[in-house]
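Trainee: I would like to learn how to read salt bridges in a structure. Please show me the structure and begin with one pair.

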Amino acid sequence: MAEEKQDAGRGGRILGWVYQNLAGPATVENAVQGGSQQARDLWKQDLERRKQWSREQRERKRAERAARQGR
């Protein structure tokens, strides 16, 4: 019986199974497809608003830096 030496952080066979099957790493593939069409549309709108806000903040900071430098 040649037992394979496992990493101490693996936690053994039972914890390995629990991690792989119950608490494993989250996957985001097709994550938005689980809800209704309305929920997906609202999520996309919210994401676009957040991106627009970030773009506006970057532009505002850029303008402030330019004003401080006397351009």
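Mentor: A salt bridge is a side-chain nitrogen of Lys or Arg within 4 Å of a carboxyl oxygen of Asp or Glu. Here Arg49 and Asp46 form one through their side chains, at 3.7 Å from N to O. This is a predicted model in which local features need pLDDT of at least 70 and side-chain atom pairs count only at pLDDT 80 or more, while totals for chains, interfaces and linings use all residues. Residues are numbered from 1 along each chain as its sequence is written, and side-chain values use heavy atoms, with hydrogens and water left out.

Trainee: Where do Arg49 and Asp46 lie in helix α2?

Mentor: Helices are DSSP runs of H or I with at least four residues, strands are runs of E with at least two, and both are numbered from the N terminus. Arg49 and Asp46 are three residues apart in helix α2 (residues 37-68), so about one helical turn separates them.

Trainee: Is Arg49 buried or exposed?

Mentor: Buried means under 20% relative accessible area, exposed over 50%, and partly exposed in between, with a 1.4 Å probe and protein chains only. Arg49 is exposed at 52%, whereas Asp46 is partly exposed at 26%.

Trainee: Which residue forms a salt bridge with Glu48?

Mentor: Arg55 does, with the closest N and O atoms 2.8 Å apart. Glu48 is partly exposed at 41%, and Arg55 is partly exposed at 34%.

Trainee: How many salt bridges does the structure hold?

Mentor: There are five.
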